[in-house]
Amino acid sequence: MIKLNCGHEATPNHTGLDTGYGTYNDLTYCYPCCAEMEKLAMMEHGAAFLYWEKPRQYKWGDSDIGALIDWPGNEIAKVTDITIRRHNMAGTVIYLWFEFEGRTWLGKHYPTAGDYVRCKVLRQKT
Ligand SMILES: [Zn+2]
């Protein structure tokens with residue numbers, strides 16, 4: 001096992017296809033440390049670049065509307081609500097609402113552009 005710069009070993013991966021660690025500023029971090037760094041960055045900047053993990057059998061109106069995950073696949077937050085809007089350039093834009101660290105966040109997702117979601121915090125903690 002490789003020892004990473006965060007002090008842990010590379011995270012075993014169910015697919016066995018990727019490296020088992022992330023690299024940031026030339027230092028290596030295991031996936032749980034990547035998730036912690038992502039969460040700290042979210043709290044510090046009030047913004048994040050996440051992915052939408054939809055339930056496999058997802059249909060509109062289902063109560064299980066998936067979760068937001070970071071790039072190694074760690075769950076950051078459950079999606080609490082979805083709003084769909086027409087967008088004159090991208091066709092459809094989907095807004096994903098979620099709660100993180102006591103704040104309400106809004107993610108913007110374009111179905112034609114992969115699974116990624118640009119997220120921003122809406123309200124500061126009171
Ligand atoms: Zn680590």
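Select L50 and V117 in this predicted model: L50 has V117 as its bridge partner in β8. Now extend the selection to the two strands around this pair. Strand β3 covers residues 47–53 and strand β8 covers residues 116–121; the two pair in the antiparallel sense over 5 bridges.

Next, colour residues 31–45, which form helix α1. This helix packs on the sheet and touches β3, β5 (75–87) and β6 (91–100). The direction of α1 makes about 130° with that of β3.

**The whole chain**

Which strands close into a barrel, and in what order? Select β3, β4, β5, β6, β7 and β8: these 6 strands close into a barrel in the order β3-β4-β5-β6-β7-β8, and their pairing is antiparallel. On average, and with direction ignored, neighbouring strands of this sheet are turned by 45° against each other. As a general point, the strands of a sheet pair through backbone hydrogen bonds, in either a parallel or an antiparallel manner.

Select β5 and β6, which run antiparallel and are joined by 8 bridges. Within this pairing, locate I84, whose bridge partner in β6 is I94. Then pick T83, a residue of strand β5. Is T83 buried or exposed? T83 is exposed, because 10 other C-beta atoms lie within 10 Å, and a residue with 12 or fewer counts as exposed. Draw a distance from T83 to Y95: the two are 12 residues apart along the chain, and their C-alpha atoms are separated by 5.0 Å.

Move on to strand β7, residues 103–109, which pairs with β6 in the antiparallel sense over 7 bridges. Here E99 stands opposite T104 in β7. The hairpin of β6 and β7 has 2 residues between the strands. Select E101 in this hairpin, where the residue takes a positive phi near 50°.

**The nonpolar cores**

Display side chains for L50, L68, L96, F98, V117 and C119. These residues have the most contacts inside the largest nonpolar core, which has 13 residues. The elements that give two or more residues to this core are β3, β5, β6 and β8.

Centre the view on F98. What does F98 touch, apart from residues up to four places away in sequence? The list consists of L68, A77, K78, V79, T80, W105 and G107. A second, separate core has 7 residues; select Y29, Y31, C33 and C34, which are among them. Across the protein chain of 126 residues, 21% count as buried.

Select K54, found in the loop between β3 and β4 (67–69). K54 counts as partly exposed because it has 13 C-beta neighbours inside 10 Å. Draw a line from K54 to V79: they are 25 residues apart in sequence and 9.5 Å apart in space, C-alpha to C-alpha. V79 is also one of the residues that F98 touches.

Conventions. Residues are numbered from 1 along each chain as its sequence is written. This is a predicted model: local features need pLDDT of at least 70, side-chain atom pairs count only at pLDDT 80 or more; totals for chains, interfaces and linings use all residues. Two strands pair if DSSP finds at least two bridges between them. Helices (H or I, at least four residues) and strands (E, at least two) are DSSP runs, numbered from the N terminus. Axes are lines fitted to C-alpha atoms, for helices over the stretch in contact, and angles run from 0 to 180 degrees between N-to-C directions. Two residues are in contact if their C-beta atoms, placed from the backbone, lie within 7 Å. A residue is buried if 20 or more other C-beta atoms lie within 10 Å of its own, exposed if 12 or fewer, and partly exposed in between; C-beta atoms are placed from the backbone. A nonpolar core is a set of buried Ala, Val, Leu, Ile, Met, Phe, Trp, Tyr and Cys residues joined through C-beta atoms within 7 Å.
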